[in-house]
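Welcome! Take a moment with the sequence and the model below, and then we can walk through the structure together.

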Amino acid sequence: MKRTPPSAQIESGRLPTHVAMIMDGNGRWAAVRGKERLVGHRAGVDSVLRVVDWCREASIGYLTLYAFSTENWRRSAHEVSGLMRLMGLMLRTKVGLLRKRNVRLRVVGRRTDLSAALQRSIAAAERDTADGTGLQLILAISYGGRAEIAEAARRFACDVRDGKAEAEALSDDAFRRYLYAPDVPDPDLVIRTSGEFRLSNFLLWQCAYAELWVTPVLWPDFSKADLQAALAAYAARDRRMGGRRA
Ligand code: IPE
Ligand code: IPE
Ligand code: MG
């Protein structure tokens with residue numbers, strides 16, 4: 001992999017507007033320390049809060065974090081309930097901090113999968129940060145790209161049935177309006193930690209032209225220098241979007 005030194009000057013015009021992160025490697029981080037997986041997830045939450053600050057400093061507009069996938073329900077009941085507890089705790093205890101930092105928090109995913117208490121914490125955190133005009137932080141919880149597309153198709157079909165939309169008029173842009181957060185621009189850069197080269201059902205529609213960056217670093221160890229390295233690599237990429245070089 002060609003590495004651009006983090007010290008490379010990043011012109012603001014070459015900064016991604018939207019960075020999406022697949023926060024992977026918490027379990028392995030705990031395993032190398034001889035600890036149970038939830039210890040890694042707890043360290044992962046601290047990493048989230050640091051990354052939010054670094055993205056604000058870097059003037060990133062949108063940060064989407066993949067916190068729990070539709071497939072993660074297959075994990076042990078102990079791990080799933082621990083993760084749910086951690087997410088609820090984070091939403092309840094860090095919302096003041098996010099507000100102070102002018103962050104607007106939103107959640108995408110299949111909310112009805114979540115407990116009523118967690119759904120309430122999400123709604124409260126979204127409401128309490130709704131007037132944030134700085135970084136938009138989007139947490140993907142019980143999120144699956146296929147589920148999002150299937151849900152959008154289902155809602156479109158219902159609109160056609162109810163005479164609110166025309167099947168023949170459906171375009172890419174019209175379909176986008178049925179996704180979870182249609183006003184959020186597509187991710188420019190996807191960062192995956194822990195060295196896996198896959199999307200794992202993350203933002204399948206939105207990542208059509210995203211630049212991908214994979215680092216072997218485990219999520220709890222993800223540092224400011226790692227983020228800067230990813231941003232520098234992004235700045236050096238030639239995004240042709242299917243067109244020809246100028
Ligand atoms: C990422 O860490 C967090 C979630 C998927 C919830 P993992 O739990 O997947 O960690 P590894 O991949 O087992 O190391
Ligand atoms: C992707 O990580 C999901 C999240 C980071 C929330 P996984 O650990 O679940 O992905 P796989 O199983 O390695 O593809
Ligand atoms: Mg993993």
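**A ligand and its surroundings**

Ligand 2 sits in the largest pocket. A pocket here is an open set of points on a 1 Å grid over the protein atoms alone, with protein on both sides within 12 Å along at least five of seven lines, and a molecule sits in it if more than half of its atoms lie within 2 Å of its grid points.

This is a predicted model, in which local features need pLDDT of at least 70, side-chain atom pairs count only at pLDDT 80 or more, and totals for chains, interfaces and linings use all residues. Side-chain values use heavy atoms, with hydrogens and water left out, residues are numbered from 1 along each chain as its sequence is written, and chains are lettered from A and ligands numbered from 1 in the order in which they are written.

Which residues surround ligand 2? They are Ile-22, Met-23, Asp-24, Tyr-66, Ala-67, Phe-68, Asn-72, Arg-75, Arg-192, Arg-198 and Ser-200, each with a heavy atom within 4 Å of the ligand.

Now look at the polar contacts, pairs of N or O atoms within 3.5 Å. Oxygen atoms of ligand 2 lie 2.8 Å from a polar side-chain atom of Arg-198, 2.9 Å from an N or O atom in the side chain of Asn-72 and 3.2 Å from a polar side-chain atom of Asp-24. Of the 390 Å² that ligand 2 exposes when taken alone, the protein buries 78%, with areas from the Shrake-Rupley method and a 1.4 Å probe.

Definitions and conventions
A polar contact is a pair of N or O atoms within 3.5 Å; within protein, one must be able to donate a hydrogen and the other to accept it, and residues adjacent in sequence count only if both atoms are side-chain atoms. On a 1 Å grid over the protein atoms alone, a cavity is a set of points where a 1.4 Å probe fits but cannot get out, and a pocket is an open set with protein on both sides within 12 Å along at least five of seven lines; lining residues have an atom within 4 Å of a point.
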